[in-house]
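The sequence and the structure are shown first.

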Amino acid sequence: DPQRLGNRSATLIDTLHTMPTTFPGTAVPVINTSGCTGCGRCVGTCPLHLLSLEAKNWVKSAVIHAVEKCTGCGKCKTICPFNAIQMRRPGTYPDA
């Protein structure tokens with residue numbers, strides 16, 4: 001019963017939202033912004049809503065936020081028609 005849990009349930013929910021979900025060694029998306037057209041297909045397919053489109057110098061591209069919460073499902077890579085997303089383990093790409 002949510003009424004009985006009071007603040008304890010809110011605290012648990014807050015904790016779950018701040019916990020990292022990526023396991024060590026999990027491949028996460030790395031977006032090649034020069035290959036990304038900003039179509040937004042990856043944004044719509046991310047089950048955790050970690051991707052968004054950002055514009056720089058009037059050019060849109062996908063950006064991942066809170067990469068530590070990514071589960072590595074690869075749906076964004078699979079749906080990208082421009083092959084602009086690669087799945088890589090942290091530490092295996094330049095900005096790690």
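What percentage of the 96 residues in the chain do buried residues make up? Buried residues account for 22% of the 96 residues, where buried means under 20% relative accessible area, exposed over 50% and partly exposed in between, with a 1.4 Å probe and protein chains only.

The model is predicted, and local features need pLDDT of at least 70, side-chain atom pairs count only at pLDDT 80 or more, and totals for chains, interfaces and linings use all residues. Residues are numbered from 1 along each chain as its sequence is written, and side-chain values use heavy atoms, with hydrogens and water left out.

**Fold**

The chain has four helices and four strands, arranged along the sequence in the pattern α-α-β-α-β-β-α-β. Helices (H or I, at least four residues) and strands (E, at least two) are DSSP runs, numbered from the N terminus. Strand 2 (residues 51-56) pairs with strand 3 (residues 59-64) in the antiparallel sense over six bridges; pairing requires that DSSP finds at least two bridges between two strands. Within this pair, S52 stands opposite V63 in strand 3. The two strands form a hairpin with two residues between them, and N57 in the turn has a positive phi of about 55°.

Leaving aside neighbours within four places in sequence, C76 is in contact (heavy atoms within 4.5 Å) with P29, C42, T45, L51, I85 and M87. Of the contacts in the chain between residues at least 6 apart in sequence, 62% join residues at least 24 apart.

L48 lies in the loop between helix 3 (41-45) and strand 2. The C-alpha atoms of L48 and T71, 23 residues apart along the chain, are separated by 8.6 Å.

**Cysteines**

A disulfide is a covalent bond between the sulfur atoms of two cysteines. With a disulfide taken as a pair of cysteine sulfur atoms within 2.5 Å, the count comes to zero. C36 is in no disulfide, the nearest cysteine sulfur being that of C42. For C70, the closest cysteine sulfur, in C73, is too far for a bond.

| Cysteine | Closest cysteine sulfur | Sulfur distance | Relative accessible area |
|---|---|---|---|
| C36 | C42 | 6.0 Å | 16% |
| C70 | C73 | 6.4 Å | 9% |

C36 therefore counts as buried at 16% relative accessibility, and C70 is also buried at 9%.
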